[in-house]
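Student: Let's go through the labels on this model and see what each one rests on.

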Amino acid sequence: MIIPVVIIAIYGNIKATIFITLLSVVFLNFLYIPPVYSFSVHNELYIWSFLIFGIVGWIITIQAKNLNTQTKQNELRESLLHIISHDLRTPLSTIHGSINLILSNNNLDEKNKNNLLEDINYASLRMKRLITNLLDSTRLSSGNLDLKLEWCDFEDIVGVALNEFSQTQNDEKLDIKIDELALFWGDNTLLTQLIINLLDNAFKYSKPNTKIYLEIDNLNNYTKIKIFNETEYIDKQKLKNIFDKFYRFEDTNDISGSGIGLAICKSIVKLHHGEIKAIAQNDGITIEIELPIIKRIDIK
C-alpha cells in the first residue's frame with residue numbers, strides 16, 4: 001500500500017501525495033486491519049499506518065522538490081555559462097581582431113579604418129545588450145522589481161532604442177511608423193528595453209535584404225506595438241514557446257543569441273498589465289503588443 005505513495009511523492013507534488021496517502025490508508029484499513037472488509041477502526045494500527053505513510057510521503061516529496069530545484073538551477077547555470085562563453089566571446093573576438101588590425105597597419109586608408117571602427121562599435125553594442133539582458137532577466141525573475149512610473153514618449157523611446165544599433169542597420173532595414181501618440185504612463189527604462197529587444201530579435205532573424213516594419217498606434221484604450229520581419233518558415237506550434245526563457249528554434253544555432261530577449265519582453269509587458277503574442281504571417285513573424293492606457297494626460 002505504501003508503493004503508490006512513494007511513486008506519487010517522487011514527482012514532488014504535496015497535494016497529490018496527501019491524496020494518495022489518504023487513499024492508501026483507507027484501502028489498508030479495508031483490506032488488512034481487523035475487522036477486514038470494513039472501515040471500522042478498533043485499534044491504533046490505523047492511526048500509526050496513516051502517520052507512517054504520511055511521514056514517508058512528506059520526506060520523499062520534499063527531497064523530490066529539492067532535486068527538481070537543483071536540476072533547474074543546474075540548467076540555468078549551464079545556459080548562463082553558454083551565453084558567457086559563446087555569445088560574449090564572439091563580439092570580444094571582433095573587437096580584439098579589429099583593434100589589432102588598426103594598430104598593426106599604419107597604411108590603412110580612412111574608409112577601411114572607419115569600417116573597422118564600425119565593427120568595433122557594433123560588437124560593443126552587442127555586448128552591452130547581452131549584459132543588460134542578463135541583468136534585467138535576474139531583476140525580473142526575482143519578483144522584487146518596482147515600476148518607476150512616469151510619463152513616457154514613445155517617439156523618444158524609439159529614438160533612444162535606435163542608438164543601440166548601427167546606423168547602417170537603421171537606414172537600410174527599418175521602416176518605422178509611429179502614430180500621433182499621447183504620453184504613456186509607464187516605466188521609461190523598461191519600455192526602452194522592450195523596443196531594443198524587439199528590434200534586436202527582428203534584426204537577427206530577418207532574411208537578408210528585407211525590411212523590418214515597426215508600427216506603434218494609439219488606440220482608444222491601449223497602445224499597440226507591432227514589429228514584423230520576414231524569416232524562414234516557422235511552425236505555429238513553436239510560436240507558443242517563443243517567449244520562454246532560453247528557448248531558441250533548433251535551426252538557428254548559427255545565429256548568436258541567448259534566448260532571453262523575448263522572455264524579458266514578455267515580463268515587461270506583463271508588468272504593464274499588457275498582452276504579447278507572436279503571429280506567423282506573410283512569410284514572416286509579427287510580434288504584437290497591447291499596453292493598456294491606465295492614465296491619461298491632456299496636452300494643449
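**Labels and cut-offs**

Student: What makes E6 and strand E7 (residues 284-292) a pair?

Tutor: Seven antiparallel bridges join E6 to E7; DSSP has to find at least two for strands to pair, so these two qualify. Ala280 stands opposite Ile285 in E7. Bear in mind that this is a predicted model, where local features need pLDDT of at least 70, side-chain atom pairs count only at pLDDT 80 or more, and totals for chains, interfaces and linings use all residues. Residues are numbered from 1 along each chain as its sequence is written, and side-chain values use heavy atoms, leaving out hydrogens and water.

Student: Why are E2 (174-178) and E6 (275-281) edge strands?

Tutor: The five-strand open sheet runs E2-E4-E5-E7-E6, with mixed pairing. E2 and E6 each have a single partner strand, so one side of each has no neighbour in the sheet.

Student: What makes H8 (residues 188-205) and H9 (residues 261-271) meet?

Tutor: Contact means heavy atoms within 4.5 Å. Residues that meet include Leu190 and Leu194 in H8, and Ile264 and Ile268 in H9. By class, that contact has nine nonpolar, four polar and no charged residues. The two axes come within 9 Å, crossing at roughly 145°.

Notes
Axes fitted to C-alpha atoms, helices over the stretch in contact; angles between N-to-C directions. Helix = DSSP H or I, 4+ residues; strand = E, 2+ residues; numbered from the N terminus. Nonpolar A, V, L, I, M, F, W, Y, C, P; charged D, E, K, R; others polar.
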